[in-house]
Amino acid sequence: MPIPPAPATGSVDSPGPAASAESTEVVIVGAGQSGIAASAHLTRLGIPHIVLEKADVADRWRHGRWDSLVANGPAWHDRFPDMEIPGVGPDEFATKDQMADYFGAFARSFGAPVRTGVEVRSVTRRESAPGFLVETNQGTITAGNVIAATGPFQVPVTPRIISEDLVPHQIHSAAYRNPEQLPEGGVLVVGAGSSGAQIAEELRASGRQVHLSVGPHDRPPRSYRGRDFVWWLGVLGKWDATAPDSDHVTIAVSGARGGHTVDFRELAAAGITLVGRTEAPQDGTIRFADDLQRNIAAGDANLLELLEEADAYVEANGLDLPEEPEAHHLGPLPASVSDPVRSIDPHEAGITTIIWATGYAQDFTWLQVDAFDAAGRPAHLRGVSTEAGIYFLGLPWLSRRGSSFIWGTWHDAMHVVDHIDTRRRYAQYAPAPQTLSSTSTSPTPSAPAQHLLEESIR
Ligand SMILES: Cc1cc2nc3c(=O)[nH]c(=O)nc-3n(C[C@H](O)[C@H](O)[C@H](O)COP(=O)(O)OP(=O)(O)OC[C@H]3O[C@@H](n4cnc5c(N)ncnc54)[C@H](O)[C@@H]3O)c2cc1C
């Protein structure tokens with residue numbers, strides 16, 4: 001069955017001629033990994049689009065984190081399927097600049113229509129016309145569709161519970177670059193996900209006194225029985241989980257130093273004082289919750305559970321992977337966990353800085369359309385929002401656990417772009433011209449669903 005060619009321009013979602021504004025079929029907001037992935041799929045299908053980026057391609061990788069950041073996943077896994085990361089071995093961990101260079105090179109490889117330095121200030125639905133008005137710092141564009149690819153980590157979240165009279169220098173992990181940037185003295189790092197654990201380790205290695213406030217976390221083994229944990233999550237089907245468990249918590253992993261398991265016993269042995277969750281101060285002392293042992297135990301249980309699932313998988317599939325019984329022996333708890341500090345006078349302890357590694361929130365105030373639920377969260381199914389023509393990419397758990405990772409957003413982008421293409425083909429469809437000779441014999445024009453079916457069985 002013939003497939004109708006995709007139109008170059010014009011569809012129900014094409015904005016049509018606008019008096020003065022530039023017009024395109026799709027505007028992608030953000031040129032991180034998600035925006036670049038969407039651009040690659042749109043380019044493959046010949047769908048006109050523009051990528052608007054307020055900073056630079058992959059700017060969050062290049063400038064949004066600390067200097068020594070490397071990818072958390074090995075290069076064989078954390079990349080787009082179409083291109084390897086130059087100069088990085090498959091089992092190595094790319095530096096942040098290698099990642100940013102990679103996305104820039106990938107975007108150039110297919111001529112992604114990226115405009116940098118263009119900030120999208122609002123997106124609104126047009127009145128009595130299809131599509132959307134995209135207002136930017138450089139003028140207005142009309143677009144049939146808008147893909148919001150502005151990232152999972154937009155606005156740093158800093159609990160304002162400790163006054164600057166008590167600890168004068170307080171920054172979010174988004175503003176941390178290196179130990180030299182901080183004033184002399186000890187540091188309290190709050191949060192022990194990947195960012196907090198890695199920053200605490202770096203500060204301790206630089207000679208600082210460090211307290212690390214450890215909340216609930218998962219901590220998978222970096223590798224087990226000769227395979228990286230990303231492989232185990234893959235073969236065990238865990239990347240495909242479609243929603244977080246009710247008790248889902250942050251994950252502490254590290255690709256630093258060639259990749260290693262985040263082990264709080266090792267951090268304590270290196271001289272880091274572990275403490276429970278940070279609470280509001282009382283009488284000039286910072287308080288810590290009585291949850292450190294519980295948090296460490298739950299993280300240990302998470303690690304051991306994965307080892308057991310891995311062993312069961314090896315057994316069930318008759319694999320020949322080297323045994324690693326020592327990985328199941330975690331060793332005694334350090335003193336700071338068995339007898340935890342519950343409060344600290346920061347002046348006495350010499351703590352001059354707090355780094356809040358407490359995560360990020362999303363900000364879609366610029367997206368003024370009907371694509372949010374009552375709580376203000378994006379309302380979507382696999383990135384296809386409740387407002388026709390508006391799409392999301394790069395959100396955690398957009399379609400599954402892998403969604404905020406490079407390879408995961410590639411697949412989500414494929415689905416979103418396929419949705420755009422399908423709607424476009426509906427718009428383009430018109431009944432075949434009726435003539436006497438062809439009325440009874442002309443084939444039924446391909447419907448979009450047929451096109452999809454043919455695509456999926458190729
Ligand atoms: C320690 C650490 C290690 C990590 N390691 C890995 C890893 O190994 N593998 C992996 O896959 N992921 C990793 N990540 C996650 C990864 O950094 C993010 O998930 C990724 O940056 C998200 O990509 P994105 O394109 O969805 O969003 P972003 O990279 O955040 O891109 C969004 C873009 O949108 C732009 N933007 C925002 N608002 C506007 C606007 N109004 N107008 C125009 N442009 C706008 C921003 O400037 C930005 O460039 C890691 C994260 C951390 C903290």
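This is a predicted model: local features need pLDDT of at least 70, side-chain atom pairs count only at pLDDT 80 or more; totals for chains, interfaces and linings use all residues.
Two strands pair if DSSP finds at least two bridges between them.

**Stop 1: strands 9 and 19.** Select residues 186-190 and residues 351-356. These are strand 9 and strand 19, which run parallel and are joined by five bridges. Pick valine 189: its bridge partner in strand 19 is isoleucine 355. Now widen the selection to the whole sheet, which is open, has five strands in the order 8-19-9-10-15 and pairs them in parallel. At its edges are strand 8 (169-172) and strand 15 (273-275), each of which pairs on one side only. On average, neighbouring strands of this sheet are turned by 20 degrees against each other, direction ignored.

Stop 2: Select residues 132-136, strand 5. This strand is mostly covered, with four of its five residues buried. Five bridges tie strand 5 to strand 4 (residues 120-125), and the two run antiparallel. Across this pairing, valine 120 stands opposite threonine 136. The hairpin of strand 4 and strand 5 has six residues between the strands, and there serine 128 takes a positive phi near 55 degrees. Strand 5 also runs antiparallel to strand 6 (residues 139-148), again through five bridges. Here phenylalanine 132 stands opposite alanine 143, and the hairpin from strand 5 to strand 6 passes through two residues.

**Stop 3: the cores.** Select Val27, Ala38, Phe103, Val146 and Ile147, which have the most contacts inside the largest nonpolar core, a set of 59 residues. Leaving aside neighbours within four places in sequence, valine 146 is in contact with Val27, Val29, Val123, Phe132, Val134, Gly389 and Ile390. A second, separate core has 33 residues, including Val167, Val187, Leu203 and Leu292.

**Stop 4: the ligand.** Of the 35 residues around the ligand, Gly30, Gly32, Ala71, Gly151 and Gly394 come nearest. Elements giving two or more residues to this shell are helix 1 (33-44), strand 2 (49-53), helix 2 (59-63), helix 4 (194-205) and helix 10 (406-428). Colour the shell by residue class: 14 are nonpolar, 14 polar and seven charged.

**Stop 5: leucine 236.** Go to the loop between helix 5 (229-235) and strand 14 (250-251), where leucine 236 lies. Is leucine 236 buried or partly exposed? Leucine 236 counts as partly exposed because it has 15 C-beta neighbours inside 10 Å, whereas a buried residue needs 20 or more. Leaving aside neighbours within four places in sequence, leucine 236 is in contact with Glu309 and Tyr313.

Note on methods. Residues are numbered from 1 along each chain as its sequence is written. A residue is near a molecule or strand if its C-beta atom, placed from the backbone, lies within 6 Å of it. Ala, Val, Leu, Ile, Met, Phe, Trp, Tyr, Cys and Pro count as nonpolar, Asp, Glu, Lys and Arg as charged, and the others, Gly among them, as polar. A nonpolar core is a set of buried Ala, Val, Leu, Ile, Met, Phe, Trp, Tyr and Cys residues joined through C-beta atoms within 7 Å. A residue is buried if 20 or more other C-beta atoms lie within 10 Å of its own, exposed if 12 or fewer, and partly exposed in between; C-beta atoms are placed from the backbone. Two residues are in contact if their C-beta atoms, placed from the backbone, lie within 7 Å. Axes are lines fitted to C-alpha atoms, for helices over the stretch in contact, and angles run from 0 to 180 degrees between N-to-C directions.
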